[in-house]
Amino acid sequence: MDAVAAVIVHHELSKVDPGFCLAYLAHAMLFVNNFYHCSNEEQRGRYLDKVLSGEWIGGMGMTEPGAGSDLRGMKASAKQDGDDWILNGTKHFISHADLADFTIVFMATGEEQTARGTKKKITAFFVDKGTKGYNVRDGYRNVSHRGYTNSVLEFDDCRINKRQILGEVHKGF
């Protein structure tokens, strides 16, 4: 659907149940749309097909303590180690991560020089539930959105392979 239709659906859903509306927005609109445009065929087969069939739930982790959704303030990072990547840091306010079979997380992966100075490179990675070094904790209580849950994601030397890279999605932040 186009942007106007998406806003109408969001508006109508929020009249009935703000928690469900947030779940719809986070999962259907943000997650699936971004996933589709950035993934390759192998990743679509492994992850997206299962999400679209309802077999799996996916999450998306961007916000951080002290930075919110300001990607320039991101502290969570990933460093390459051969063909693997090592993820470290914390994400919070992550929608339905407690239910997710995997989460797409955004990590700082270095810096680059731009016309406006040094900027962070941000790369997205798939992290499967149960991966060693990846912990999902209960998030913060929601007063007005009882059907909506959020979680804190902790990465402590979480090792993933190169096939789990979604890509540099926010170069120059």
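1. Arg-46 and Asp-128 form a salt bridge, with N and O 3.0 Å apart. Here a salt bridge is a side-chain nitrogen of Lys or Arg within 4 Å of a carboxyl oxygen of Asp or Glu. Arg-46 sits in helix H3 and Asp-128 in strand S5 (residues 117–128), so the pair ties together parts that are 82 residues apart in sequence. Helices (H or I, at least four residues) and strands (E, at least two) are DSSP runs, numbered from the N terminus. Asp-128 is buried at 16% relative accessibility. Arg-46 is partly exposed at 37%. The cut-offs are under 20% relative accessible area for buried and over 50% for exposed, with partly exposed in between (1.4 Å probe, protein chains only).

2. A note on the basis. This is a predicted model: local features need pLDDT of at least 70, side-chain atom pairs count only at pLDDT 80 or more, and totals for chains, interfaces and linings use all residues. Residues are numbered from 1 along each chain as its sequence is written, and side-chain values use heavy atoms, leaving out hydrogens and water.

3. Glu-42 is partly exposed, at 42% relative accessible area. Arg-163 is exposed, at 55%.

4. Which side chain meets Glu-41 in a salt bridge? The partner is Arg-44, at 2.8 Å from N to O. Both residues lie in helix H3 (residues 41–53), 3 residues apart, about one turn of the helix. Glu-41 is exposed at 59% relative accessibility, whereas Arg-44 is buried at 17%.

5. The salt-bridge count comes to 9. One network of salt bridges links Asp-81, Asp-84 and Arg-159.

6. Now the backbone. Most residues other than glycine have a negative phi. Phe-93 has a positive phi of about 60° and is not a glycine. Phe-93 is placed in strand S3 (residues 84–95). Its side is neither buried nor exposed by the cut-offs: at 45% relative accessibility, Phe-93 counts as partly exposed.

7. Asp-157 also has a positive phi, near 50°, and is a residue other than glycine. Asp-157 lies in strand S7 (residues 150–161). Please look at the backbone of Phe-93 and Asp-157 in the view above.
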